[in-house]
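Thanks for coming. I have one structure to go through this morning, so let me put it on the screen.

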Amino acid sequence: MTPADVLDDPVRLRAVDDLGLVGQPFEDRFDRVTRLLGRVLDVPVTLLTLVTEDAVAVVSTAGGGEVRRIERDAAFCTEVVQSQEALLVPDTTADSRWATSPLGTSPAGTRAYAGVPLRGPGGQVVGTLCGLDVRSRRWNDGDLAALVDLSRWAEVELARGDAERQRALGEQAIARMKDELLSVVSHELRTPLTSLKGALGLLTAGVVGALPPSGQELTRIALENADRLSRLVDEICDLERLSAGQVVLERRPHPLSDVVRHAVGAVSVQAEQARVVVRTSIGDVTTWLDGARISHALKHLLENAVRASPAGSAVDVRGRTTDDGVLLEVEDRGCGIDPRDLERVFGSFTRGDSSDNRTHGTGLGLALARTVVEAHGGRLTARTVGRGTTFTVALPQRAAARRVGA
Amino acid sequence: MTRRLLVVDDEPDVRAVVRLSLEHVGGWQVVDVDGGLAGVDAARREPPDAVVLDVMMPGTDGPATYRLLQFDARTADIPVVMLTARVDRADRQAWLAMGVRGVLAKPFDPMRLPVQLREVLGWQA
């Protein structure tokens, strides 16, 4: 590679770009290097530069004032990057190489220059660390050694910034991928589910002709499972969007009894089939919350409670105000949850008893309920006392106790 | 007189199911097309009583199709209902604010779809 190629090598230029430092405010971590270099070399001006496509960009300087950019043709640093070697110029006016070039007669009045190349994390020469003097200097081995040592420090700092930047970019990319995946999941899974549920629904209803009993049984099984898959897709999407903080809660005053009634209504068929009675006892309180979402969370708690309940038993829903907000409890008379599992049930795809296949939950209901409650600044906990489990939703004052019309 | 509905959806299977539901359960006449521009074209040639419009379609998507229908005096008054796998609350509100009559979610229950359409369109059974 000829020297000119080095300077404009696209890989090198990208390495400079990737550092993300050109045009950024001066950073203390680089200023420490240039300040120390100034003292060690005893020069009035030191620079840490990156040589870009069209200029020498000053990333840090001691004594160089506010200069942020030098023309490439007017800088010794360009020569250092081109040659990829240290450059020591004792006296620019006495050096035949520079006497007639703009460098030798630069208006900055540089008489002496000592610079070494800086390599980026990828190994390309990205810029220089250098000292400038207005007097001629006889650079010695100690000066060069100091420059080389301090350039290693500067390179470590360059690499560190790059690593942080890469990590931040990586996190952004992952968040973006998750969003895209979610959007694909929601559309690409719901589309075939639409055809599947539609076709099965029409078949089961006998719209295109009556099916024999065994055929009805088969389409019923297929339809139930399509429904289950469909709920799972909805819940995964909900959970992801809630966890990613993408959901804006629409808080309005709601009578607590309304919120509970909606949830109870949503599980009435399931409760009837399981021969479980849902009893409610809700105080007269109006709460400030996202009614649809809290109602949805409560529905998940109720579904869970009904599933856990033996036939002929009751699920109790109680709601009341407390000193610091609103408390909602859902109590079942099922077999309870092992205390060691009380926290685990809020995880995704965990069930109290994984061998129990008669439960047709998606395994996400409790995780969703907790996420919704926590988005309201509240807490969802579970406890088992003797038989049965009680889930408690505690919503804070901020989300509650706003009596309207009073 | 039997009502005519125009179904616009790029998925042939979804179109088939929607058509069967609207014809057999709803008792309506159905014309279906596979894209936004084809939908606008069909609506201009023979304005239907309502348009059931998919949202995510390649090329001219649901909202773009809706705007095209709005720009043309021949089709501007036809009520449009979105039928979509994208059920984001913000989207739903934005479309309703644009003037869409209703937003129904996919997957749908084919036995209930005509009922839901009647509700949002304000049609008597």
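I will start with Thr52(A), which is buried, with a relative accessible area of 12%. Buried here means under 20% relative accessible area, exposed means over 50%, and partly exposed is in between, with a 1.4 Å probe and protein chains only. Before going on: this is a predicted model, where local features need pLDDT of at least 70 and side-chain atom pairs count only at pLDDT 80 or more, while totals for chains, interfaces and linings use all residues. Residues are numbered from 1 along each chain as its sequence is written, chains are lettered from A and ligands numbered from 1 in the order in which they are written, and side-chain values use heavy atoms, with hydrogens and water left out.

Back to Thr52(A). It is in the loop between strand 1 (45-51) and strand 2 (55-62) of chain A; helices (H or I, at least four residues) and strands (E, at least two) are DSSP runs, numbered from the N terminus. Setting aside neighbours within four places in sequence, Thr52(A) has contacts with Arg12(A), Leu13(A), Val16(A), Val22(A), Ala57(A) and Arg72(A), contact being heavy atoms within 4.5 Å. Its side chain also makes a polar contact, at 3.2 Å, with the side chain of Asp54(A). A polar contact is a pair of N or O atoms within 3.5 Å; within protein, one must be able to donate a hydrogen and the other to accept it, and residues adjacent in sequence count only if both atoms are side-chain atoms.

Asp17(A) sits in helix 2 (residues 10-19) of chain A. Asp17(A) is exposed, with a relative accessible area of 57%. Its C-alpha atom is separated by 9.4 Å from that of Leu50(A), 33 residues apart along the chain.

Now chain B. Its secondary structure comes to five helices and five strands, in the order β-α-β-α-β-α-β-α-β-α along the sequence. Of its 125 residues, 50% count as buried. Among chain B contacts between residues at least 6 apart in sequence, 63% join residues at least 24 apart.

Last, the interface. The area buried between chain A and chain B is about 1700 Å², with carbon and sulfur atoms giving 65%; that is the accessible area (1.4 Å probe) that two parts lose on being put together, summed over both. His187(A), Thr194(A) and Leu202(A) supply 31% of the area that chain A buries against chain B, more than any other three residues. The contact takes 22 residues from chain A and 19 residues from chain B.

There are zero salt bridges between the two chains, by the rule of a side-chain nitrogen of Lys or Arg within 4 Å of a carboxyl oxygen of Asp or Glu. Two residue pairs are in polar contact across the interface, both at pLDDT 80 or more. Helix 5 (141-204), helix 6 (213-243) and helix 9 (291-308) of chain A each supply at least two residues of the side that touches chain B. Helix 5 of chain A gives the most, with 13 residues.

Leaving out residues up to four places away in sequence, Ser21(B) touches Leu202(A), Gly26(B), Pro110(B), Leu113(B) and Pro114(B).
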